[in-house]
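Here are my notebook entries from an afternoon with this model.

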4 protein chains.
Amino acid sequence: MIQTRKKKIINDPVYGFVNIPSELIYDLIQHPWFQRLRRISQLGLSSMVYPGANHNRFSHALGAMHLMSTAMEALRTKGHKIPKEDREAAMMAILLHDIGHGPFSHALEHSILHGVHHEDLSLLMMEKLNEQFDGVLKKAIKIFTNTYKVPFFHQLVSSQLDMDRLDYLQRDCFFTGVIEGSIGTDRIIRMLDIVDNQIVVEEKGIYSIENFLTARRLMYWQVYLHKTAVAAEEVLVQLIRRARDLQDQGVSLMATPALSLFLREQVRLKDFVNDDQYLDNYTALDDSDIFASVKWWRNHEDRVISTLSNMLLNRDVYKIKFSDTPFTQQEIDQVKTLLVEKGYQEEELPYFCVTGVVSNAAYVPYSESINIKRKDGSVVDIAQASDLPNVEALSKIVKKYYLCYPKIISL
Amino acid sequence: MIQTRKKKIINDPVYGFVNIPSELIYDLIQHPWFQRLRRISQLGLSSMVYPGANHNRFSHALGAMHLMSTAMEALRTKGHKIPKEDREAAMMAILLHDIGHGPFSHALEHSILHGVHHEDLSLLMMEKLNEQFDGVLKKAIKIFTNTYKVPFFHQLVSSQLDMDRLDYLQRDCFFTGVIEGSIGTDRIIRMLDIVDNQIVVEEKGIYSIENFLTARRLMYWQVYLHKTAVAAEEVLVQLIRRARDLQDQGVSLMATPALSLFLREQVRLKDFVNDDQYLDNYTALDDSDIFASVKWWRNHEDRVISTLSNMLLNRDVYKIKFSDTPFTQQEIDQVKTLLVEKGYQEEELPYFCVTGVVSNAAYVPYSESINIKRKDGSVVDIAQASDLPNVEALSKIVKKYYLCYPKIISL
Amino acid sequence: MIQTRKKKIINDPVYGFVNIPSELIYDLIQHPWFQRLRRISQLGLSSMVYPGANHNRFSHALGAMHLMSTAMEALRTKGHKIPKEDREAAMMAILLHDIGHGPFSHALEHSILHGVHHEDLSLLMMEKLNEQFDGVLKKAIKIFTNTYKVPFFHQLVSSQLDMDRLDYLQRDCFFTGVIEGSIGTDRIIRMLDIVDNQIVVEEKGIYSIENFLTARRLMYWQVYLHKTAVAAEEVLVQLIRRARDLQDQGVSLMATPALSLFLREQVRLKDFVNDDQYLDNYTALDDSDIFASVKWWRNHEDRVISTLSNMLLNRDVYKIKFSDTPFTQQEIDQVKTLLVEKGYQEEELPYFCVTGVVSNAAYVPYSESINIKRKDGSVVDIAQASDLPNVEALSKIVKKYYLCYPKIISL
Amino acid sequence: MIQTRKKKIINDPVYGFVNIPSELIYDLIQHPWFQRLRRISQLGLSSMVYPGANHNRFSHALGAMHLMSTAMEALRTKGHKIPKEDREAAMMAILLHDIGHGPFSHALEHSILHGVHHEDLSLLMMEKLNEQFDGVLKKAIKIFTNTYKVPFFHQLVSSQLDMDRLDYLQRDCFFTGVIEGSIGTDRIIRMLDIVDNQIVVEEKGIYSIENFLTARRLMYWQVYLHKTAVAAEEVLVQLIRRARDLQDQGVSLMATPALSLFLREQVRLKDFVNDDQYLDNYTALDDSDIFASVKWWRNHEDRVISTLSNMLLNRDVYKIKFSDTPFTQQEIDQVKTLLVEKGYQEEELPYFCVTGVVSNAAYVPYSESINIKRKDGSVVDIAQASDLPNVEALSKIVKKYYLCYPKIISL
């Protein structure tokens, strides 16, 4: 029987085993676009700081699907009827939610494309897949875009407490070895319930939620926004910028074909819609294009691109300073003056004295709160339910400004 | 060589292996008073809720000593010279810090003795051991009592961030299976430093500390002050109270010899000092005395003690209600009325309608703050160093009032 | 709804969470006989060597039930229809398979009773429970006694590869910290299948089985038959023997009531059947009776019992020598001579110069082999299926002879 | 102080933290050749089966160095004096032992170069580094080549029980999630001792060694020689072969510069010695060159290379059959006939009907045995010391023949 043949179990070091729940989902996983996620690292260049963190978007997507399946089961145990078709749609929605990611996930999100979020591409690709698979993704797309009549599915895919976050926190903590980032995924999922078609958390789960919020905070400062990782990703961003600039100036520059296209053109979302070549090339693009191209560039005669390439390959990245306030022009000028003293050319300075800002916004993007279901059945915001005034604080957006410059100078 | 023979390694599931660092410490561990800790459960009756949590004070004491050894090593790596003798003293101080605990650790602390804290007995026993071991514990006692000239040792034994807490949080989280209580013990210890003879934490450790504080909070509501555990321990407290009352009334009551003594008399700290029989009996007392005696009592003709005994043995404990404010006389009277309706006698009511209060005070007992060492070398309170206004909140003392009554009635 | 109220989840550090699958099973767990297992340590006195190993028969029984539930689910996924009633019966059979264990599990199995195996008592107690619960255990008893028409249920309860072994190996490895004893419980269970109503293992699971057999072997020499644990349990056995002898001689000896009964009389299986007082007392007996009684004995005027009692309490047990062949009379006499030189009396010698034999037979008791299902559907013995001639070897019974004597003498 | 600045700690999910023990070792780690190992996956294409297994040679090398440091410490605790210089040399030898690995570690070892083992290149690169670092690697090279006067260092680097194996087994088991492959690294290392300058294992460690041997066996059949992984790596091997063949035929074929060189020429060890360009290019080669080139090839007009490229990228690899004996010409011809029926050209057949042989020889390459130190001080081979006749069996070399063909045909 075909269906049985395709029912597979995948070993996952985080959960032990992940079941592929249906033939359809098996076919989606086998699709080249999904297989491409094997070559896209989950945490950009964080592996430069945490050498175990080489996990990819492929296993994250499978893990999130696994948690979705667990959540469905937990909700059913509480007496909620969820049709099989809805469950499968929710699993497909979370499985594909990151399929639009490009090389190094977030790191190059604003460098390779022009104003295109990876979610936009995920949606576009889901729609294309929906065509290829005769409409089976229709409901999954509704869930993804929050247009399905029952909103809790979307909340499990994308909200303050979605299966995406639960998986990546636990997975990133596993692969980095930052064990104190552990969250009680199992306990949290067992505490979920549905009231008025909205996801709520049982009151006794409140400490697990607080712990989840703190763990998230720990992870972004300790891992996601770690100084060296930010500096390494800034090297990457400047590299792509320089490559694009050289291209614009007509300087000859080898690169893999897919990367070449995106360096030559400023591709916008509408381009993807209008011309299939963009998606064809985008789905051919992964981490290996960057490293392969950078290895060409490291011997390039342009000193900027060769220097940055070697910095990346040899993990010899910028020095970086963090600050709670933006760096002043004076501070920036001081760095530039020192660089000029060291022999840097004026036109090179923008690549070697770089400012930027990181924030936990990527990790706290939703204004909707987490709702707690009291024992009397009433539903309140977690900030009210907790006896702790820090839930708000844990969810607030923090910004850190940074200034990068070569190690050769010291401030 | 004798010393080598006594250098032992002990398997510990939390840390893998624990080294016994010296012959002297080996001899302390072999002492009957220390071996008694094998028969005293670390978490009182929490194993009634978390069946894996049968770990004892013995392995906690070894674990805390192991962390102390790790901390000494970490501080030495940072260039602090710590004489061997001081290191050994600090290890002995933490090894023995809980040696005065009685049956079920905290659960019976105020029932068996009269106004004697376990720390008082730990000190008394350390002093007796010091005599037996020809004064080798002199410095350890100074460290324990915070009278040693170098204060950081005491801080490692007993403060907001001591090796005691680090071990019990990690250990309790391991044995209960509440994995989200995981703390980064290793990372925290590597972040410790000394400034002006005081323990400080390097600035980059701040998120680990926040996580430690949240994990602690999670653990006390999820584990230490879990409703069923509190109810079970209240059964135990009422049992001992009833046994003492019956004893006072001249009712014959079997019990193990050591327990009998402490039921007959209201033993105070000065009694221990003045008459050796008290310490002799106290050091013969452990969890088994309670269970063995309770099994006698379960067939006793006194209905109160037999009922409570069966409740304990069969894990059929009180119902319990928690509240942020004290229960009113009216609420209490309502329970009593219902009990009388069920056939309870007036004089039985105090054992079956019980109020009390729990608080996290046992886990947040110190007013001293955790000090952070900034990169510029300055030292500030963590509440100032953190960009999060919740550190205070995490450290505040919370009280919960409770009301216990038999399952037979429902409110 | 009552049923929902009783559907509980229990935290288990080995598996995370264990579901109580039905109201009936919940009621069995609540029964005083089952609750007693909380006070019976799983590994006898192994905690004297592995201080984390304080886990009890209660959590082992729950864990084995959890694995049974997982196995049922795995078999159903492969298309085997298993009626709900059968599944529940299998879970009850494994839940109660160890309910007849006495204090310290195996350690005193032949000391407290006379020729009664704990399985006999488990069966007796299941039959009594069946009466109390109106016949609901009928099928579970058939499964336990291998008289149910479908044999694979019994194989999952008791065979070379049953859920009992899978749980205790994994659990003991967790609590001792001997991590290399890890077995792939999850993988093994997913490899199970049914052919002709017999349990078989899919061919690709063969390496997991080999690993399981080696892990088992490692665990019994490293843990179950560890020298110090054997020596400690021999102290316990001699203690009970001496207590019984003193009793016989009319020497007054305090003990808890349940223990007293079994010291006074040589209770056989038929006594349990004929007179309820034996079961009443047996179900009141647990580890605490031993420790409480031993604490009385340690000050007894009989030097043998007081010495042995202190040895046990202070973990100051016999020296022990292992040998592949029985000790000669000459070797034994040599020890006795040395003891006499040290002032031991002739009549004391049998308690202080003790020989015995341990074997892995308790862990390899079944002659039936593990059957492997080849890809072509044929079923063969694992010894044939494996390309390794060691499967037989791994399953053979090994004996080690030992000689115990006080530390005061050296050979 | 510079030295302190370079004393770094690296987070490793397997061991928690790895210390960089000296400034010199820090500088070696920072060298571009060592940083290249970040881009070489430890397990070739095993991640196609175990999606978590994306770990690289970089973290393996650090891990092995960490274990070497632990082993040195364990041996010193037993009273062996090991000069600091020797310890550092041993750590450098193990750190660099794999530096010569090419893309996908073992997978392409015989495709990219011609008769050059990665150890040869490791040695060559160590010698070059020795020149760059003014001779500091002299002793490390002696240890690596087993020409150092004290042989036990080499045994820790390369033998049946070396730090290389201990790390990779534990690491691969962690990242694949095959937890039953766990070995007691810590325990084994603590059991090591030195007799006559040779590494021996204390007798009581014998069960840990048996477990290690079984775990190794499990891992190679379950992971290293997993069918799908073998099939995937065979696709890769055929891809490189086809690319080389096309190159030879003068067909134009894009590839990254480093890969192009090794496709164009049959590079031998002497070429590396005689002409620096080969090493320059080899040290620029990593996994990304393969993927980047394969993405060019997937649209190539040559059907063989485009088909194989898509098979690799989309994880749509050969079917594979294993057999204990070589496949007969008849069996092979049958496949070829079926392929021709499906439209394959005669000249394409060698790329789509592929036979080969795998063996555990890579994992059991050494004839030297593991020596056990008996309690009486005598040293014997483990096969004699164990009461189990399977140690030989566990160490024997097993071969499996395989036949690969496209999924389109079924036998």
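**Entry 1: ground rules.** To compare copies, I superpose them by least squares on the C-alpha atoms of residues with pLDDT of at least 70 in both. The model is predicted, so I noted that local features need pLDDT of at least 70 and side-chain atom pairs count only at pLDDT 80 or more, while totals for chains, interfaces and linings use all residues. Residues are numbered from 1 along each chain as its sequence is written, and chains are lettered from A and ligands numbered from 1 in the order in which they are written.

**Entry 2: chains A and D.** I looked up what brings chain A onto chain D, and found a rotation of 180 degrees with 0.0 Å of shift along its axis, at an RMSD of 0.0 Å. In chain A, A:Ser288 has the C-alpha nearest that axis, 2.2 Å from it. The two copies use the same surface, as 100% of the contact residues of chain A recur in chain D. I call two residues in contact if their C-beta atoms, placed from the backbone, lie within 7 Å.

How many residues does each chain give to this contact? I read 36 residues from chain A and 36 residues from chain D. On the side of chain A that touches chain D, the elements giving two or more residues are β1 (9–12), α3 (32–35), α4 (57–77), α9 (163–176) and α16 (287–297) of chain A. Here helices (H or I, at least four residues) and strands (E, at least two) are DSSP runs, numbered from the N terminus. Of these, α16(A) supplies the largest share of that side, with six residues. I sorted the residues of that side into 16 nonpolar, 14 polar and six charged. In that count Ala, Val, Leu, Ile, Met, Phe, Trp, Tyr, Cys and Pro are nonpolar, Asp, Glu, Lys and Arg are charged, and the others, Gly among them, are polar.

**Entry 3: chains C and B.** Next I laid chain C on chain B, which took a turn of 180 degrees and a shift of 0.0 Å along the axis, with an RMSD of 0.0 Å. That is the relation of a two-fold axis. C:Ser288 has the C-alpha nearest the axis in chain C, at 2.2 Å. I also found that 100% of the contact residues of chain C recur in chain B, so the same surface serves both copies.

The contact draws 36 residues from chain C and 36 residues from chain B. On the chain C side, α16(C) gives the largest share, six residues.

**Entry 4: α16 and α17 in chain C.** I followed α16(C) to its neighbour α17 (residues 303–313) of chain C, and found them packed at an angle of about 130 degrees with their axes 8 Å apart. Axes are lines fitted to C-alpha atoms, for helices over the stretch in contact, and angles run from 0 to 180 degrees between N-to-C directions. The two helices, α16(C) and α17(C), are therefore oblique to each other. Angles under 35 degrees count as roughly parallel, over 145 as roughly antiparallel, 65 to 115 as roughly perpendicular and the rest as oblique.

Which residues of α16(C) meet α17(C)? I listed C:Val294, C:Lys295 and C:Trp297, which meet C:Ile305, C:Ser306, C:Ser309, C:Leu312 and C:Leu313 in α17(C). By class, this contact has five nonpolar, two polar and one charged residues.

**Entry 5: α4 and α9 in chain B.** I then turned to helix α4 (residues 57–77) and helix α9 (residues 163–176) of chain B, whose axes come within 8 Å and cross at roughly 125 degrees. That makes α4(B) oblique to α9(B). Among the residues of α4(B) in this contact I noted B:His60, B:Leu67 and B:Met68, and among those of α9(B), B:Met163, B:Tyr168 and B:Arg171. The contact residues divide into seven nonpolar, two polar and three charged.

**Entry 6: a sheet in chain D.** Two strands pair if DSSP finds at least two bridges between them.

D:Val357 stands opposite D:Tyr401 in β9(D).
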